[in-house]
Amino acid sequence: MAERPPGRARHFLGDLGVDGQYDREGLCIARIQVNTANCTARGEVRAGVLATLVDVVGGMLAARELYPDWMATADLALRIIRPARGPVVEARASVLRRGRTTLVVEADVYDVDDVDDRNQYVRGDANACHGHGAESTRSRHSERRVAWASMTFAVLASGGAEGPVDGRSSGIDTSDSEHAGRTSLTDHVFGRTWSMNGPGFDVPVTDGVGITISDPAGGVASVEVNEYVQNSVGALQGGVMALLAETAAEQAVGSAVGREAEVMITDLQMAYLALGRIGPIESRVTELEGDGIGVECRCPPSGRQSALVELHDRGDDDRLTTVVTVGTSSSTNASMAEPGDAGLVTELGRLRNTGVS
Amino acid sequence: MTTSTPQTQRTETGRHLPFSSVRVSDYFRLERWELPASNDVDEPVQLFGRMPVESHQCSQAGGMTTGGLLSGVDSIGGMTAGLSVLPRWIVTTNMMATIVRLSNVGPLRLHSIVLRRGRRSVVVAVEVVDEGDHDATVALVTMTCAVLDAVRRDLHFERPIGIDMPPPDPHPVVPEVFFGIEPGSGPVTRLVITDHLRNPWGILHGGALALLADVAARRAAVADRKGSEARWARPACGDTVIHYLQPSRVGPIEARCEVLGGQGDRLAVRVGMHELGLGDRLVGVASVQVLAC
């Protein structure tokens, strides 16, 4: 879900310190400072944090494109190309397709070394940025690309009312210094720059949003739904869903390989099926044993494991809210624990009983 | 429900192939059957499929190519979604595939189930297991379909669905030939649309774009890693995300790849697919993980 920052109340997006802007080329750009709170023990930005960043930048772009309609994130795919270490991580989103009922967005994510690099980009040097709408200009900048993401947003008709992202009432801090001479209502609502500022985390982000782990080996973790982690429609923010799925998979796969610290998340594929409104939202993990171990062919490489993570709303009759597949890589050849393969068809059967709305 | 126009197509070896009755799902010899519905009207549609793993359709990793696998997934998942919204029908808008195993024994069994049925979209999960390897999970795919506005009064199905596995082709051809993918190398790969690749509405089958993304990404990876380790000479594709942005009717489709980067045995490749005959419009975008073998 694209986010409306939580008015004046403290919100985890503020503590992440997301800020960004719209540029003249049609892109939306968002960035965060990398710090120990949003990194793993290896000093790499968490996949869930990257997913949050791209969800925000995609949502802000979608909000502007669709105004006065609103939208909900239907799916999000994140591929981590190499570890993100900062010092600044920047996501640049562009529209792939705008349809009547959906909007498809892709985003590239970069490690940015310094402010000057970003300013050079932001000033609108078309030859220095890529812009997916003009592929011939891609990748001419020097920053290091760390991830790629795509998202589909479902369009929610406003019925004539303004969407909840209206910057005048949402608590988004916007800068409208360039409004002079512009007549577009969209331009007025969506200032060229925006920020979500808070005091920051003094604990790891997973602790900060309130994720608790009850069964590491089983990948059972949960998070409460409250104002701090809600989105604009009062449900658990999609980025927190990603953090929860990441934590659950990391714990389960880590327990299986016996070296949790060496488990790296490489892919997140998230399908948002229903809003998580009540909570707690709880994860359940099914590990998927890869074939990279002990086979003559080295495809996939040793240590490539995947996990299916279901996120259920315990307070809403255990409703299935989100299905996530998580790709991981570990630097050990240790075998996975007994995989859940045999139960997966049964698992789908169980989803059958809970998933249709 | 699928129709095709009789025609022949010349292969690279000059042999004429009778593609008149060979549809995309038939090429992969996809058997399909539906779990009989109970009296519960809210019970979601469930479909199963089975496809053999044949050597001419395998990657260097020893299993069905990911593009071929996703072609079968699109057939099964799309039918599942469509049956769940009758008398309307659907189009696939995206697939997110986690490929767990690239080496398969076969046959592969596909199980498709509706996760969410909304007014405007249907989300389907498809699990693929290897019957020849103790039902080990091969892939898990989540696909989203948009519900079409128009009611399809010409759609009639005998329920539960049951479609036998087509017989083996005595003169099998590789997927690149069947799908009209031009020979080549490097970051740009073309597919020529012929009638047997269309669905009943004249639109290019989603499996064809999946196969194109697979072939194009591998060629791009080979070009990118030229001169490096030998195992990059014939890589295979793993996790894949495809967004179907516009229907393709004219072609040719040109896949333009960008190697985004990677580490060790894997590369991430972005594939932008453009329809040259319709103003170069972007019809699909894929992100493909390419793995050294």
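**Entry 1: T102(A)**

With that cut-off I looked up T102(A) in this predicted model, and found that T102(A) touches T152(A), F153(A), A154(A) and V155(A) in chain A and T93(B) in chain B, leaving out residues up to four places away in sequence. The residue belongs to strand 5 of chain A, which runs over residues 102-112. Is T102(A) buried or exposed? I note it as buried, because 23 C-beta neighbours lie inside 10 Å, and the threshold for that label is 20 or more. I also checked T102(A) against D313(A): the two are 211 residues apart in sequence, and their C-alpha atoms are 25 Å apart in space.

**Entry 2: confidence**

For chain A the mean pLDDT is 77, with 68% of the residues at 70 or more, while for chain B the mean is 88, with 90% of the residues at 70 or more.

In chain B, the element with the lowest mean pLDDT is strand 1 (residues 8-10), at 39, and the one with the highest is strand 10 (residues 188-191), at 98. Residues 1-20 of chain B have pLDDT below 50, with 32 contacts in the model beyond near neighbours in sequence. I keep in mind that where pLDDT is low, the predicted coordinates should not be read in detail.

Chain A holds 8 helices and 14 strands, and 56% of its 357 residues count as buried. Among its contacts between residues at least 6 apart in sequence, 74% join residues at least 24 apart.

The chain is divided into domain 1 (1-203) and domain 2 (209-357), and 24 residues of domain 1 are in contact with 25 residues of domain 2. Which elements of domain 1 give two or more residues to the side that touches domain 2? I found helix 2 (47-66) and strand 3 (70-80) of chain A, and of the elements on this side strand 3 gives the most, with 8 residues. The residues on this side of domain 1 divide into 13 nonpolar, 4 polar and 7 charged.

For L212(B), leaving out residues up to four places away in sequence, I listed contacts with F179(B), I181(B), T189(B), L191(B), I253(B), A255(B) and M273(B).

I then checked helix lengths. Helix 2 of chain A has 20 residues and should span 28 Å at 1.5 Å a residue, and its end C-alpha atoms are 27 Å apart, which agrees. Since 18 of its 20 residues are buried, helix 2 of chain A is largely enclosed by the rest of the structure. Helix 7 of chain A (residues 238-257) reaches 28 Å from its first C-alpha to its last, close to the 28 Å expected, and 19 of its 20 residues are buried. Just after helix 7, G258(A) takes a positive phi of about 85 degrees. In chain B, the 19 residues of helix 2 (residues 66-84) should span 27 Å, and the end C-alpha atoms are 26 Å apart, which agrees; 19 of its 19 residues are buried.

**Entry 3: where the chains meet**

How many residues does each chain bring to the contact? I noted 57 residues from chain B and 48 residues from chain A. On the side of chain B that touches chain A, the elements giving two or more residues include strand 5 (90-99), strand 6 (108-117), strand 11 (236-244) and strand 14 (281-291) of chain B. The residues on this side of chain B divide into 23 nonpolar, 20 polar and 14 charged.

Key. Residues are numbered from 1 along each chain as its sequence is written. Chains are lettered from A and ligands numbered from 1 in the order in which they are written. This is a predicted model: local features need pLDDT of at least 70, side-chain atom pairs count only at pLDDT 80 or more; totals for chains, interfaces and linings use all residues. Two residues are in contact if their C-beta atoms, placed from the backbone, lie within 7 Å. Helices (H or I, at least four residues) and strands (E, at least two) are DSSP runs, numbered from the N terminus. Ala, Val, Leu, Ile, Met, Phe, Trp, Tyr, Cys and Pro count as nonpolar, Asp, Glu, Lys and Arg as charged, and the others, Gly among them, as polar. Domain bounds come from an automatic or database domain assignment. pLDDT is the predictor's confidence in each residue, from 0 to 100. The expected span of a helix is 1.5 Å times one less than its number of residues. A residue is buried if 20 or more other C-beta atoms lie within 10 Å of its own, exposed if 12 or fewer, and partly exposed in between; C-beta atoms are placed from the backbone.
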